[in-house]
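Here are a few notes on the backbone and on one helix pair. Please read them with the structure open.

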Amino acid sequence: MAADSDPESEVFEITDFTTASEWERFISRVEEVLNDWKLIGCRVGKPPEKGEYTSGSWEETSLEINFADFKFSITHHCLKQESAESEGVDEPEEDAYPLAMQDLLCMNNDFPPRAHCLVRWFGMREFVVISPGANCEAIVSESKCNLLLSSVSIALANTGCHVPLFVQIQQKWRRMFAGECQGPGVRSDFEIVHLRKVPGQYNHLSGLLDIFKNKIGCPLMPLPPINIAIRFTYVLQDWQQCSWPQQPPDFDALLTGEVGGVEFGKLPFGACEDPISELHLATTWPNLTEGIVVDNDVYSDLDPLQAPHWSVRVRKAENPQCLLGEFLMEFFKLCSRKETSEEILGRNSVEEEGKENSDITQALSKLTEPAAVPIHKLSVSNMVHSARKRIRRHKRVEESPLNNDVLNSILLYLFPDAALDKTDSSDVKSTQPSPGGKTEPDKDSEDYHLYNQLKSASCDSLTYRLALCMCMVNFHHGGVRAVAHLWQEFVLEMRYRWENNCLIYGLASGPPDLRCCLLHQKLQMLNCCIERKRARDDGRKNAASDGSRDKSRLAPESAGPAEVSPGKSWESWSDSEEEFFECLSDTDEMKEVDTENEKKTANKSKAEGRLQPHGKITLLNSQEPLYIPVTQEPAPMTEDLLEEQSEVLAKLGTSAEGAHLRARMQSACLLSDMESFKAANPGCSLEDFVRWYSPRDYVEEEVSDETGQTVIRGDLSARMKIPGNMWVEAWETAKATPARRQKRLFDDTKEAEKVLHYLSVQKASDLTRHLLPCVLHAALLKIKEEESTEDIPSVRKALQHLTSHASKLLRHPSPDFKKLEDVINQMSAVEAVVAIARSLKAKFGITKGEREEDGDELERFVSCLLEEPEVCVVGAGRGPAGSIIHKLFVSSQRLADSSDEGFLMDVEAALLAPMEEETGRLGGADDRKAVPDFPPPAGREILLRTCVPRPAPFSKALPQRLFCVLMRDEFRLAGAFSSDTSFF
């Protein structure tokens with residue numbers, strides 16, 4: 001017992017009441033945020049201008065705060081306005097109401113079409129909202145709501161903040177807020193009521209006025225006047241009386257295969273359905289008083305035709321089916337296909353391979369053994385065509401994705417030169433303009449710069465037309481199987497043209513253009529190979545026919561300068577390194593400086609491959625003129641070959657041996673030019689070569705000779721004298737060999753087979769990636785063409801952004817296909833905007849305006865509907881646009897009434913019946929059917945405002961406001977009620 005009574009053994013629990021609780025920490029954190037955002041004290045500002053809430057710019061700043069372990073988000077919303085410092089407002093603080101209270105009575109922005117819901121309900125330009133954080137439960141219980149409101153009230157009182165502070169309560173979809181605003185001696189409480197159904201006694205203005213009067217509880221008699229603003233919204237959904245302006249496609253041409261260049265050269269455009277789902281007409285009575293208008297459960301004066309203000313907005317259909325967007329997306333989906341062409345077409349069966357094995361193993365013996373068949377018929381091309389015939393014999397006709405008529409039409413569109421006689425087809429220029437196209441895009445035109453930006457191909461090129469055809473067959477003629485079939489036929493055509501020396505139609509001559517897509521570069525490379533092969537074959541024919549006349553051509557009386565293009569290549573006049581041919585072109589290009597001087601004939605017989613004298617320059621070691629030799633052209637390369645070459649050179653490293661080997665690999669062209677120069681200028685030196693090849697490396701200076709005369713002497717530059725210089729080494733190893741006898745720098749046979757193999761192994765997905773830049777290029781041009789007829793500024797701006805974005809994506813070696821899909825979706829959205837413009841013009845009959853001024857007014861009205869969220873109707877129901885809108889509603893009402901009564905046969909008569917201006921209005925009666933001109937309003941908004949002393953008769957007169965929303969499935973009251981905290 002003694003131990004139990006010992007005071008030291010007792011344990012005392014000490015509670016420190018000076019430690020801040022979680023509630024106090026939360027209030028302190030809110031105060032910190034208000035101080036950091038500088039929302040303390042009285043704020044001065046000018047009244048907002050009319051429409052500023054919609055056209056102005058709003059700023060949002062957000063932070064996260066915690067109440068214990070519960071996360072909240074606090075957000076500051078503020079309308080950006082010009083500073084009001086110049087006005088110099090120096091009112092005493094006790095007389096300055098907060099800006100939020102002043103905004104409660106402002107009538108300049110009563111029904112903003114695009115704003116935060118609190119801005120619409122309370123008309124405030126600045127406020128703060130505390131809402132539950134992401135993935136946090138809603139504040140539903142009344143005790144928690146009151147706790148948060150208490151926190152807000154304490155924070156506002158401690159900081160002296162005059163900005164309203166709201167707390168979001170209940171579920172987010174209900175948009176329920178409670179808030180408070182404090183000023184010097186005044187306070188405003190913000191409350192919201194939300195119900196699913198409208199109570200019967202409050203379904204009109206008189207019932208809402210009763211609520212407002214009871215809430216403010218004004219003791220003054222008579223009650224100060226209440227300002228009323230009313231807005232009714234009517235929805236038009238039925239467009240059956242309007243014709244849809246979209247032209248239908250030519251289904252007969254597509255189904256019967258009668259497609260030509262015109263069909264395959266165009267992309268579809270437009271919406272398959274009306275892109276406008278609804279038209280919302282808002283009729284507004286902005287400034288009424290209680291005694292002017294009557295609206296109760298028996299009678300209403302609120303006739304929409306008598307409303308002083310009309311405004312219209314259009315609601316777009318969700319994801320309307322647009323032809324161009326769907327066309328592009330279906331083609332883009334091929335990027336995800338992994339099958340090869342053989343797997344797609346089902347031509348890779350083991351049985352078929354076994355049947356043909358016997359023929360393939362005997363191929364070599366057939367080529368070597370004597371046969372009566374001419375050898376040219378045993379070429380690779382003929383074997384390929386025979387294989388095609390065998391495949392077609394084993395496959396049924398209906399299994400072919402493309403029927404012969406469609407395939408022939410496509411091939412004729414891609415290769416118009418195939419329609420010419422075979423004897424003339426090889427002479428068709430590869431740059432011949434396509435039907436309806438230009439030979440080459442103008443460098444100043446937007447089209448030229450566009451294909452450079454997108455890394456696609458010019459509009460008149462074969463690659464561009466191939467991309468359009470692939471899109472067409474994918475969408476209309478069998479999908480991926482049709483694409484694989486057309487690609488196989490295209491590759492076979494390329495091989496046929498290579499083997500028969502036919503230039504490829506629709507490709508510019510010259511080396512591959514690295515500004516274009518890789519597939520276009522490959523086709524240009526194949527065209528280069530065909531050009532070299534044709535030049536070599538022509539040279540052989542000329543050499544064989546003119547070999548007997550070599551001596552006579554070299555005689556003085558027949559000698560003359562030859563006309564040879566300096567750009568012509570001589571490096572491919574032999575199929576192998578050991579085979580040489582004397583030809584007409586070579587001997588023609590041996591320039592004879594002076595035919596009268598026969599002493600130089602011996603020297604000329606030694607020189608070979610001369611092109612022309614290099615001005616009046618002579619060799620340093622003799623008085624012989626210096627001749628420019630005929631050289632080999634550098635080997636053309638595509639971007640993938642250049643990348644391979646750079647990787648090989650980079651792998652050699654930075655060592656001296658690696659650098660030397662790299663220099664030797666890069667000097668093949670230099671060595672060839674040195675050999676040609678030595679052959680053309682017997683007895684020349686390295687200095688002579690440098691004077692022609694790199695004049696800057698031959699330095700000339702004036703010096704005095706032994707006699708004192710000034711003479712010009714030259715020498716190699718310093719870099720040419722560096723020990724181990726590659727130029728010196730190459731000059732010493734170079735032999736006097738003309739270009740026609742050198743090893744070819746560019747093996748056209750090898751490169752052509754590499755290109756053909758590259759084309760043959762392309763999968764459908766690879767082909768889609770190659771052609772996608774051309775398809776997007778064509779789509780952008782199509783949108784520009786369609787927009788030019790409508791003149792929509794927002795579309796032009798969107799096109800500039802799309803072009804810039806697509807250019808960055810397509811120039812990347814491995815573009816992000818998710819971002820490319822977004823680009824296609826944006827194109828579809830732009831297409832929908834153009835379709836909306838056409839739909840609006842058709843509905844408002846712009847082309848059918850009775851007067852020119854009416855037409856201009858309607859055009860401005862439609863243009864504003866595309867650019868702005870809501871557009872005011874000039875003249876309300878009596879203006880040109882208002883009259884058309886009224887007729888649309890009347891027609892829709894009569895059509896709906898006829899359908900309801902079952903008079904389907906009278907629909908046309910109802911639409912064409914004359915409309916009387918004073919019949920069928922709300923509140924009136926029609927002699928025949930009493931069909932109202934307008935349907936019941938889909939939404940009614942009523943705004944009540946007054947300024948009364950509250951809570952006592954001797955209190956200050958403060959603003960009171962109630963915003964009412966009445967819809968079919970929603971009833972909302974948003975009230976702001978101010979009270980005097982000093983005199984109550």
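Buried means under 20% relative accessible area, exposed means over 50%, and partly exposed covers what lies in between. Keep in mind that this is a predicted model.

1. Start with Arg-175. Its phi is near 50 degrees, a positive value in a residue other than glycine. Arg-175 sits in the loop between strand 4 (165-169) and strand 5 (176-183). Its relative accessibility is 36%, so Arg-175 counts as partly exposed.

2. Asn-501 is a non-glycine residue with positive phi, near 55 degrees. The loop between helix 18 (480-499) and helix 19 (518-546) holds Asn-501. Is Asn-501 buried or exposed? It counts as buried, because its relative accessibility is 15%.

3. Check the peptide bond between Arg-950 and Pro-951. It is cis, with omega about 15 degrees. Pro-951 belongs to the loop between strand 15 (939-949) and strand 16 (957-967).

4. Now the helix pair. The axes of helix 30 (residues 793-810) and helix 31 (residues 817-843) come within 10 Å and cross at roughly 165 degrees. Angles over 145 degrees count as roughly antiparallel, and helix 30 and helix 31 are therefore roughly antiparallel to each other. The crossing of helix 30 past helix 31 is left-handed.

5. Which residues meet between these helices? On helix 30 they include Val-795, Ala-798, Leu-802 and Leu-809. On helix 31, Leu-820, Val-823, Met-827 and Val-830 are among them. By class, this contact of helix 30 with helix 31 has 12 nonpolar, four polar and one charged residues.

Key: Residues numbered from 1 in each chain as written. Predicted model: local features only at pLDDT ≥ 70, side-chain atom pairs only at ≥ 80, totals over all residues. Heavy atoms only, no water. Helix = DSSP H or I, 4+ residues; strand = E, 2+ residues; numbered from the N terminus. Buried < 20%, exposed > 50% of the residue type's maximum accessible area, 1.4 Å probe, protein only. Axes fitted to C-alpha atoms, helices over the stretch in contact; angles between N-to-C directions. Parallel < 35°, antiparallel > 145°, perpendicular 65-115°, else oblique. Left-handed = near helix turned anticlockwise from the far one by under 90°. Contact = heavy atoms within 4.5 Å. Nonpolar A, V, L, I, M, F, W, Y, C, P; charged D, E, K, R; others polar.
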